[in-house]
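Please open the structure in your viewer and keep the selection panel at hand. The stops below take you from one selection to the next and say what to look for at each.

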Amino acid sequence: MKRVPSCVLEPTVVIMARALCLLGLVLTLVFSSSVEEYVGLSANQCAVPAKDRVDCGYPQVTPEQCNNRGCCFDSSIPEVPWCFKPLQETECTF
């Protein structure tokens, strides 16, 4: 009977480890692509309720293209504009 050294992993363990790494990579890419992006804008300016969003983009607009137009990009809510006009920051005047 042959003894397998304890440092050698079984093929199923190797396959499972690779599958977990691949799943982690896919999840990272999915979540990073749906992260809200507000380049040059404050989070407050982009806190526009979904029902109040005014479209600022076009089909297939990328976050970078949207931000270059001075707009907010948030792809976390389906069936509403993902590229939308920001709220205007107001200053208090006396």
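Is the link of Cys 46 and Cys 72 left-handed or right-handed about the S-S bond? Select the two residues and take the torsion: with -80° about the S-S bond, the link of Cys 46 and Cys 72 is left-handed.

Before going further, note that this is a predicted model, in which local features need pLDDT of at least 70 and side-chain atom pairs count only at pLDDT 80 or more, while totals for chains, interfaces and linings use all residues. Residues are numbered from 1 along each chain as its sequence is written, and side-chain values use heavy atoms, with hydrogens and water left out.

**The disulfides**

Stay with Cys 46 and Cys 72, whose sulfur atoms lie 1.9 Å apart and form a disulfide, the term meaning here a pair of cysteine sulfur atoms within 2.5 Å. This pair links distant parts of the chain, since Cys 46 is in the loop between H1 and H2 and Cys 72 is in strand E1, 26 residues apart; helices (H or I, at least four residues) and strands (E, at least two) are DSSP runs, numbered from the N terminus. Both Cys 46 and Cys 72 are buried, where buried stands for under 20% relative accessible area, exposed for over 50%, and partly exposed for values in between, with a 1.4 Å probe and protein chains only.

Next, select Cys 56 and Cys 71, which a disulfide joins with an S to S distance of 1.6 Å. Here too the pair links distant parts of the chain: Cys 56 is in the loop between H1 and H2, Cys 71 is in the loop between H2 and E1, and they are 15 residues apart. Cys 56 counts as buried because its relative accessibility is 11%, and Cys 71 is buried because its relative accessible area is 3%.

Then move to Cys 66 and Cys 83, a disulfide with sulfur atoms 2.1 Å apart, where the 100° about the S-S bond makes the link right-handed. Cys 66 in helix H2 and Cys 83 in strand E2 are 17 residues apart, so this pair also links distant parts of the chain. Cys 66 has 0% relative accessibility and therefore counts as buried, and Cys 83, with a relative accessible area of 2%, is buried as well.

The count of disulfides comes to 3, and with bonded cysteines counted along the chain they follow the pattern 1-5, 2-4, 3-6.

**The nonpolar cores**

Which residues make up the largest nonpolar core? Select Cys 56, Val 61, Cys 66, Cys 71, Phe 73 and Cys 83, the 6 residues of that core; a nonpolar core is a set of buried Ala, Val, Leu, Ile, Met, Phe, Trp, Tyr and Cys residues joined through side-chain atoms within 4.5 Å. Apart from it lies another core, of 5 residues, including Leu 41, Cys 46, Val 48 and Phe 84. Now centre on Cys 71, which, leaving aside its neighbours within four places in sequence, is in contact with Leu 41, Cys 56, Cys 66, Cys 83, Phe 84 and Pro 86, contact meaning heavy atoms within 4.5 Å.

**The salt bridges**

Go on to Asp 74 and Arg 53, which form a salt bridge with the closest N and O atoms 2.9 Å apart; the term requires a side-chain nitrogen of Lys or Arg within 4 Å of a carboxyl oxygen of Asp or Glu. Asp 74 sits in the loop between strand E1 (72-73) and strand E2 (83-84), and Arg 53 in the loop between helix H1 (11-33) and helix H2 (63-68), 21 residues apart. Both Asp 74 and Arg 53 are buried, the relative accessibility of Arg 53 being 9%. Not counting residues up to four places away in sequence, Arg 53 touches Val 48, Asp 74, Ile 77, Val 80, Pro 81, Trp 82 and Phe 84.

Of the 2 salt bridges, another to select is that of Lys 51 with Asp 52, whose closest N and O atoms are 3.3 Å apart. Lys 51 counts as exposed at 73% relative accessibility, whereas Asp 52 is partly exposed at 40%.

**Positive phi**

Most residues other than glycine have a negative phi. Finish with Gln 60, where phi is near 70°, and Glu 79, where phi is near 65°. Gln 60 is in the loop between H1 and H2 and counts as exposed at 75% relative accessibility, while Glu 79 is in the loop between E1 and E2 and is exposed at 81%.
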